[in-house]
Amino acid sequence: DVYKRQHNTYSGGSPNILAQLGPVTGGVYLGGSEPRTVRIIPGTTSAFQNRQAELSDLDALLDGAERGRSRLWCLTGPPGTGKTALAITWINQHRDHFSHAQIAMACGGDLGEGHGRGIVEICDRYFSRRGIDTDRPGFDTDEGKIAMFRAMIEEQDRPTVLLLDDVRTAAQVRPFLSNTPNLVVITTSRLPVKGVADSLPEIFDLRPLPDGDVAALFRDVLRRRDPERLDAEPDAFGRLIALCGGSPLLAGTTAALLHDRIDLTVGGVVERMEAEGRLTHLVASVEDGPD
């Protein structure tokens, strides 16, 4: 049988009689005990820097969604601008609001096959966390799993947020779009995803991190290991900030490299980045180890 969307709860004192009229489907929760929140989402990095304005903008999108506006939010921007970190930080800050489920899935950025990469993995991990028996009719095809996932989300009285990270096609998004007010879907991608305009998505273009925040990120990472290291080479540090180009990913990786490699000077890192290319230098430095 398909999953029926009845939701049975009871809360209150100590009743003498509790009657259920009609068939019991789903769960019966006595004494106000609800199922635990489904959390399939990583923690946030402590190197996350000053995106307070952007976090407030996402708060405003949530307020709008609760008033009937779009529940599909598309975070866009160049690689390394911190789209994923922003989304996960915001979700973790609102974990109490999304009391049914908080789910994040890396969709790989590729075209995928069929519906697109990540969809079945999302469903399977959700079913597993809820202890759902998938060895029964309705769960034996990808389409069936997606339909069951949507039905189970829609029957909940509690909100869910789903982060689809690094998507490329509408096929990776559309199966999770619905009319339920309980579900917010957030996507990250370099450019707005084509083919979802009929869902009236909120497009949120993330700008590069300001230079002052890039500098603060470096200082946060290095403050315990060598707090005076950056000030000892102010000109080189300024060039390093410029090379990072407002990318939290590049700044964080470079700061971690300087933290772990005390044999490297700031000026030496800058010279190699300028000569070899920013990413080539970082990969080679991590793989080679100390000179």
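1. Basis. The model is predicted: local features need pLDDT of at least 70, side-chain atom pairs count only at pLDDT 80 or more, and totals for chains, interfaces and linings use all residues. Residues are numbered from 1 along each chain as its sequence is written, and side-chain values use heavy atoms, with hydrogens and water left out.

2. Salt bridges. The structure holds 10 salt bridges (a side-chain nitrogen of Lys or Arg within 4 Å of a carboxyl oxygen of Asp or Glu). One of them joins Lys145 and Asp124 at 3.0 Å, N to O. This pair links distant parts of the chain, with Lys145 in helix α4 (residues 142-154) and Asp124 in helix α3 (residues 119-130), 21 residues apart. Helices are DSSP runs (H or I, at least four residues), as are strands (E, at least two), numbered from the N terminus.

3. Accessibility of this pair. Lys145 is buried at 16% relative accessible area, whereas Asp124 is partly exposed at 32%. Buried means under 20%, exposed over 50%, and partly exposed in between (1.4 Å probe, protein chains only).

4. Arg239 forms a salt bridge with Glu274, with the closest N and O atoms 2.9 Å apart. The pair connects helix α6 (residues 234-244) to helix α8 (residues 266-276), and the two residues are 35 apart.

5. Ser70. Which backbone oxygen does the side chain of Ser70 reach at 2.9 Å? The oxygen belongs to Leu200. Ser70 itself is buried, with a relative accessible area of 11%, and is found in the loop between α1 and β4 (72-76).

Notes: A polar contact is a pair of N or O atoms within 3.5 Å; within protein, one must be able to donate a hydrogen and the other to accept it, and residues adjacent in sequence count only if both atoms are side-chain atoms.
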